[in-house]
Amino acid sequence: MTALDLSSPVAVVGTGTMGQGIAQVALTAGHVVRLHDAVPGRARDAAAAIVARLDRLVEKDRLTAADRDAARDRLLPAEALADLADCTLVVEAVLERLDVKQQLMRELEDVVGEDCLLATNTSSLSVTAIGAALRNPGRFVGLHFFNPAPLPARGGRLRVRHRRHVGHARVRDVPRLGQDTPVACADTPGFIVNRIARPFYAEAFAVYEAQAADPATIDAVLRESGGFKMGAFELTDLIGQDVNESVTHSVWQAFFQDVRFAPSLAQRRLVESGRLGRKTGQGWYDHGDDAERPEPHTAEPAQAPAYVVVEGDLGPAADLIALIREAGIVVREEEEDHGTRMVLPGGGQLALADGQTSVEFRDVVYFDLALDYRRAGRIALSASQDTASQTLTEATGLFQALGKKVSIVGTRPG
């Protein structure tokens, strides 16, 4: 996949959050960008918003004033689709409805040249179904950007482009915009990002709906233990609860209502009440100017145990053994065939959460899987119904001795 020639004008149709972000990506890459929206005046408003973001980049010394001025001159609002006639790439980011996208593609095909590549930024709809409206579907691809689109790549972050596999030569050369790394995939429901993300949101919401933890605590565990940049609640507030829920429903229906992709009733209530996240000032969190971010639940300091007995292989949690020893706590290792766990001085058990709610012993505390136990700043613990208070105290003190904050969440599968 090669970079699109900078002499080629790029058009973006639809000027919401994603449309503006895609336009900014193309703009900062050096393209002339034409913005169009079906609502009169909205393209000009979007152009002003993009320039304002470029101004903030200049203030942060991430863009020179000269580059900002040049980019501003290349950004051209287009009041009519006919103004896109000379573009060689048109990306749509309009309403996530098949009929709306198909109608737009039919109109674009009558306007642009035969060598123009038409693309959709759909999050969940079938690229094949959208392209079926075209006389020449071989010129049609899916280019799906991460949100927010203009965020620079960090630590292997990828921008994902989804395309349908047809034999047309132009489609085999999907263009790159800026420094994004294209990844090709099959035209399946949710493609890559949204197929993976739906259970990420669904599991977090299910923990909240089961009253096992509040949004701030779940987000903190996902960030500080799971290694995510944002938790599910803060991320959906950024995306927009209405947009996120709509994609969830689309993927859920496309997978014949598979429970893994089931929508959240709690999120439905947010949408019904108009609390859509940052764009309305209220979602899972309050985003008002004077709003204070709620603190995650963090356990009070507890006494660390003098020793632990490790039975069996801790598997993905094996790094804990070295960390416990470094903290000055004695580790006794015993070979066991019947399971993997740590035994605390009071006789209680500490086990890695594996999706179950009970094991053969009852006095147990589960600890969550972390992306990297050495780097993790927080660990989630969950006690069973019959867990002794001493066992929970010893488990809490153990992880606190490793320099970790501890969040105690309610018991729930997984």
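## Charges over rings

R293 sits over the face of Y285, 4.0 Å from the ring centre. R332 does likewise with Y307, lying over its face at 4.1 Å from the ring centre. A charge counts as over a ring if NZ of Lys or CZ of Arg is within 6 Å of the ring centre and within 35 degrees of the ring normal.

This is a predicted model, where local features need pLDDT of at least 70, side-chain atom pairs count only at pLDDT 80 or more, and totals for chains, interfaces and linings use all residues. Numbering runs from 1 along each chain as its sequence is written, and side-chain values use heavy atoms, with hydrogens and water left out.

## Aromatic pairs

Rings of Phe, Tyr and Trp (its six-membered ring) pair if their centres lie within 6.5 Å; planes under 30 degrees apart are stacked, over 60 edge-to-face, and the rest tilted. That rule gives 11 aromatic pairs. One of them is F200 with F228, a tilted pair at 4.7 Å centre to centre and 35° between the planes. This pair links distant parts of the chain, 28 residues apart: F200 is in helix α6 (residues 193-209), and F228 is in the loop between α7 (215-224) and α8 (232-239). Helices here are DSSP runs (H or I, at least four residues), numbered from the N terminus.

F200 is buried at 17% relative accessibility, while F228 is partly exposed at 39%. Buried means under 20% relative accessible area, exposed over 50%, and partly exposed in between (1.4 Å probe, protein chains only).

## The aromatic cluster

F200, Y201, F205, Y208, F228, F233 and W284 make up one aromatic cluster.

Technical notes
Helices (H or I, at least four residues) and strands (E, at least two) are DSSP runs, numbered from the N terminus.
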